[in-house]
Amino acid sequence: MKLSIDELMKNLREREEKVKAAGGEKRIQAQHEKGKLTARERIDLLLDKDSFVELDMLAEHRCSNFGMDKVEAPGEGVVTGYGTINERLIYVFAQDFTVIGGSLGEMHAKKICKVLDMAMKMGAPCIGINDSGGARIQEGVDSLSGYGQLFYRNTIASGVIPQISIIVGPAAGGAVYSPAIMDFVFMVKNVGIMHITGPDVIKAVTGEVVTSEKLGGAMTHNRKSGVAHFAAENEEEVYQMVRKMMGYLPSNNMETPPSVECKDDPNRMEETLLNIVPTDPNKPYEMKEVIRHIVDEGDFFESHPYFATNMLTGFARLNGQSIGIIANQPKVLAGCLDIDASDKAARFVRFCDAFNIPILTLVDVPGFLPGTAQEYGGIIRHGAKLLYAYSEATVPKITLIVRKSYGGAYLAMCSRDLGADQVIAWPTAEIAVMGSQGAANIIFRKEIAKADNPEKVRQEKIDEFQLKFSNPYEAAKRGYVDIVIDPRETRPRLITTFEMLSTKRESRPAKKHGNFPV
């Protein structure tokens, strides 16, 4: 007997309501008691109001092992679909911890893979909200296959569409590698957890006792490992952060970044810039203040703010146009390049290049950080990543040297020889193979040793070297610096230079891919 249309519609609504009930009231309540939202609540906060369209709501697993044939998993423990952020198309998936702990099985993975495939076809960003106990063990190799399919798609999508991962619960074992392949990882403090092996396994194998938070919490990965790029105080904040960052990014690698109306005078001269940078090369200062006085409305959206803090990376706008900023931070390790700073900057450069975001590099660097820890840790290999990333990048690249720029670090911070389209310097710039003291000790070693008063002669030679190289003019004579400017005119000069470079076209030799020094 055929059902009436009313009966059919009733059946559909009942099925939808059952799925929307997720793991049931008790589990939803338990989720809220942990300070966590449900998958659909999260999507509602992330996307524009009423824009979300859910896909595969009625998907079901087909596992019969270990009693799974009697287990219902509404929505398969993940909510997937699409919507908008500021009226731009976004694909999204949110794991549902109230349904079998958000564990990933065959159909769970297929739902995520489907939205990633659609995001690629439509050229739209994909955002993943992670809250999962890991692989669904009852499904065995099907669960492992699901992770493999997800990792593969993350890799293929890399550099084609922006991929953002938000960690608002556990991500353990193989589950951590999807976020790691994606472009940016956001974590909520005291809620998000990422680790390969948990505290119990570590204790059993090594005897080491560690809490889950200390092992893989938000600040561990933001400050120590560098796996995560942003930390938020709560879920509401993290979704606002993601929404803001999406405003700087294009939807795919074939588009240019979105522009906004600029309410900040593009011709603004900034008197403060005359006095922020000390003329004494040994005195520290806050590079973020330099950035804030240059960019639109002082708004610098910093990425990786807790990791490798001797290097700054982030997004800003100049006259309404998105740019990526890489800058040395003189107040931390004197702005030296080290292993972590090189990794941090290199990956950011590559992201900007992949998505057509022009790059501004602010330079005040005395060199690479010396020491056995750095050499044994592979500073040569890690420093090479930064050289490679800048050389590979074809987006417009402007380098602004504000003070020190010495030796190999001068090259690594996007020198003319690594492809900078314009190198601009302030009168405070110093460009040399090394600092004046080290250089004088090497060049004039014999004269100093023979002198009746070695210290006096050494100081004279240091002063001589400083007089010659403690300025940008020797480099300008040879074309390594294009323009020396009054610091006050930095903002209008950068804006007009980026506008000049907006039609830049540069190709590279045909090849499958280069061999990045990972």
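Q: Is Ser405 buried or exposed, and which cut-off decides the matter?

A: Burial is read from relative accessible area, and a residue counts as buried under 20%. In this predicted model, Ser405 has a relative accessibility of 1%, so Ser405 is classed as buried. Ser405 belongs to strand E14, which covers residues 397-406.

Q: Which residues are in contact with Ser405 once its neighbours within four places in sequence are left aside?

A: The contacts of Ser405 are with Val363, Val365, Tyr410, Glu430, Ile431 and Ala432.

Q: What describes the packing of two helices?

A: Helix H4 (residues 106-122) and helix H5 (residues 141-157) provide one case, with axes that come within 8 Å and cross at roughly 15 degrees. Since angles under 35 degrees count as roughly parallel, H4 is roughly parallel to H5. The crossing in which H4 passes H5 is left-handed.

Q: Which residues make the contact between H4 and H5?

A: From H4 the contributors are Glu106, Ala109, Ile112, Cys113, Leu116, Asp117 and Met120. From H5 they are Asp142, Gly146, Gln149, Leu150, Arg153, Asn154, Ile156 and Ala157. Sorted by class, the contact of H4 with H5 comprises eight nonpolar, three polar and four charged residues.

Q: Why do residues three or four places apart in an α-helix point the same way?

A: An α-helix has 3.6 residues a turn, so positions three or four places apart point the same way. The H4 side of the contact, which includes Ala109, Ile112, Cys113 and Leu116, may be inspected with this in mind.

Q: At what angle do helix H13 and helix H15 pack?

A: Helix H13 (residues 339-354) and helix H15 (residues 379-392) pack at about 20 degrees, and their axes are 8 Å apart. H13 and H15 are therefore roughly parallel to each other, and their crossing is left-handed. On the H13 side, the contact involves Ile339, Ser342, Asp343, Ala345, Ala346, Val349, Arg350 and Asp353. These meet Ile379, His382, Gly383, Lys385, Leu386, Tyr388, Ala389, Tyr390 and Glu392 of H15. By class, the contact of H13 with H15 has nine nonpolar, three polar and five charged residues.

Q: Where is Glu375, and how far is its C-alpha atom from that of Ile339?

A: Glu375 is located in helix H14, residues 372-376. Its relative accessible area is 47%, so Glu375 is partly exposed. Glu375 and Ile339 are 36 residues apart along the chain, with a C-alpha separation of 9.2 Å.

Q: What span does helix H21 reach, and which of its residues are buried?

A: Helix H21 (residues 490-501) contains 12 residues and reaches 16 Å from its first C-alpha to its last, close to the 16 Å expected at 1.5 Å a residue. The buried residues of H21 are Thr490, Arg491, Pro492, Leu494, Ile495, Thr497, Phe498 and Leu501.

Q: How many helices and strands does the protein chain have?

A: The protein chain has 21 helices and 17 strands. Its C-alpha atoms fill a box of roughly 110 × 55 × 45 Å along the principal axes. Of the 518 residues in the protein chain, 52% are buried. Among contacts between residues at least 6 apart in sequence, 74% join residues at least 24 apart.

Key:
Residues are numbered from 1 along each chain as its sequence is written. This is a predicted model: local features need pLDDT of at least 70, side-chain atom pairs count only at pLDDT 80 or more; totals for chains, interfaces and linings use all residues. Side-chain values use heavy atoms; hydrogens and water are left out. Helices (H or I, at least four residues) and strands (E, at least two) are DSSP runs, numbered from the N terminus. Buried means under 20% relative accessible area, exposed over 50%, partly exposed in between (1.4 Å probe, protein chains only). Axes are lines fitted to C-alpha atoms, for helices over the stretch in contact, and angles run from 0 to 180 degrees between N-to-C directions. Angles under 35 degrees count as roughly parallel, over 145 as roughly antiparallel, 65 to 115 as roughly perpendicular and the rest as oblique. A crossing is left-handed if the near helix is turned anticlockwise from the far one by less than a right angle, and right-handed if clockwise. Contact means heavy atoms within 4.5 Å. Ala, Val, Leu, Ile, Met, Phe, Trp, Tyr, Cys and Pro count as nonpolar, Asp, Glu, Lys and Arg as charged, and the others, Gly among them, as polar. The expected span of a helix is 1.5 Å times one less than its number of residues.
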